[in-house]
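Please read them with the structure open beside you.

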Amino acid sequence: MKKILIVGAGGQIGSELVPFLRSIYGPESVVATDVRECKSLSEDGPFEVLDALNPTNMASVVARYHIVTIFNLVALLSAVGERNPQMAWGVNMGALMNALEVGRQHHCAVFTPSSIGAFGPTSPKDQTPQDTIMQPTTIYGICKYTGEMLSNYYHRKYGLDTRSIRFPGIISNKTLPGGGTTDYAVEIFYEAIRNGRYTCAVPSDVYMDMLYMPDALRAVVELMEADPAKLQHRNSFNIASMSFTPEILAAEVRRHIPTFEMEYDIDPVKEEISRSWPNSLDDSCARQEWGWSPKWGLEAMVEDMLATLRKKLQK
Ligand code: AKB
């Protein structure tokens, strides 16, 4: 039985990844941790309060539970990172370094999400290749790119089993993302159902890749279960399933809520960030090396988001 540690489990990805992994490997096999108590994660499996910036405490949890795989999900996202770059570097890199070091000392595999934010304005815009110019211009992207290089380094130097995915904006209906540039693509659904209108901070014409949470969860498990001999990339994999602009998403929402209105109040920081990121990624290496294939596209995702949130919000 695999013993898995999730660090930073209370965020958007962790709050769904923990129950997903528990449903596959058994509740006792997945130890969720976060810097603060998370009632929903402690009810059906082990939970520990853990500050990811404390390597001694992380190592002690790993030893106590005989952990073999660490998922490090700790990160300040792109927009919030620009408000406090020093803190973003400290938190994002501190948690990653600790996960890699504890992983090295305790012979664990380490998964860390990277992001489309690891690319920058000089990267090719469309079908951005797996291996290309990166040069990110946000502190978040600089952390993600450095993290990719570090993961590669730990694999080459110490043989650590590092694996990673460059996530697009993740759309989910359980926990709201916080502080990201792609957050609009989640908020729009809540506001469309509650108020019939949404004010978007990202310009109407900016394309970004997005991924529906069920595909994101499956991708993580498929990558972690993949035959290591087939993995050529130990920094991070491009994956993709849909790319759209705010205007395209609004039009799709309008097919279900014809009176839905979208206004724009552009946040200059989000505009600069979103325009520096790719329009769409080429995910052929992930397809070849571990069989990645998305199941959700824009139409099905919008239909499912609206149906699920209507039930949740009782509208
Ligand atoms: C963000 O917008 O910062 C994140 C990401 C794309 O990594 N959702």
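1. Terms and basis. Helices (H or I, at least four residues) and strands (E, at least two) are DSSP runs, numbered from the N terminus. This is a predicted model: local features need pLDDT of at least 70, side-chain atom pairs count only at pLDDT 80 or more, and totals for chains, interfaces and linings use all residues. Residues are numbered from 1 along each chain as its sequence is written, and side-chain values use heavy atoms, with hydrogens and water left out.

2. Val-74. Val-74 sits in the loop between strand E4 (69–72) and helix H4 (78–83). Its relative accessible area is 18%, so Val-74 is buried. Buried means under 20% relative accessible area, exposed over 50%, and partly exposed in between (1.4 Å probe, protein chains only). Beyond its neighbours within four places in sequence, Val-74 is in contact with Val-7, Gly-8, Ala-52, Val-91 and Ala-95. Contact here means heavy atoms within 4.5 Å. Asp-161 is 87 residues from Val-74 in sequence and 19 Å away in space, C-alpha to C-alpha.

3. The largest pocket. The largest pocket holds about 960 Å³ of space. Of its 43 lining residues, the closest to the centre are Gly-11, Leu-73, Val-74, Ala-75 and Leu-77. Elements giving two or more residues to this lining are H4, helix H5 (85–106), strand E6 (114–115), helix H6 (139–158) and strand E9 (169–171). A pocket is an open set of points on a 1 Å grid over the protein atoms alone, where a 1.4 Å probe fits, with protein on both sides within 12 Å along at least five of seven lines; lining residues have an atom within 4 Å of a point. Grid points are joined across faces, edges and corners, and a volume is the space filled by probe spheres set on the points.

4. Its position and make-up. Why does the largest pocket lie between domain 1 and domain 2? Both domain 1 (4–168 + 211–238) and domain 2 (170–210 + 241–280 + 288–313) give residues to its lining, so the pocket lies between them. The domain bounds come from an automatic or database domain assignment. The lining has 24 nonpolar, 14 polar and five charged residues. Ala, Val, Leu, Ile, Met, Phe, Trp, Tyr, Cys and Pro count as nonpolar, Asp, Glu, Lys and Arg as charged, and the others, Gly among them, as polar.

5. The second largest pocket. Its volume is about 160 Å³. Of the 13 residues that line it, Lys-2, Tyr-25, Thr-69, Met-224 and Glu-225 are the closest to its centre. Helix H1 (14–25), E4 and helix H8 (213–225) each supply at least two lining residues. H8 gives the most, with three.

6. Strand E11. All five of the five residues in E11 (residues 208–212) are buried. Met-208, Met-210 and Tyr-212 point one way, Asp-209 and Leu-211 the other. E11 pairs with E9 in the parallel sense over three bridges, and with strand E13 (residues 242–244) in the antiparallel sense, also over three bridges. Two strands pair if DSSP finds at least two bridges between them. Met-210 stands opposite Met-242 in E13.

7. Two histidines to check. Most residues other than glycine have a negative phi. Phi of His-66 is positive, near 55°, and phi of His-107 is also positive, near 55°. His-66 is exposed at 62% relative accessible area; His-107 counts as exposed at 69% relative accessibility.
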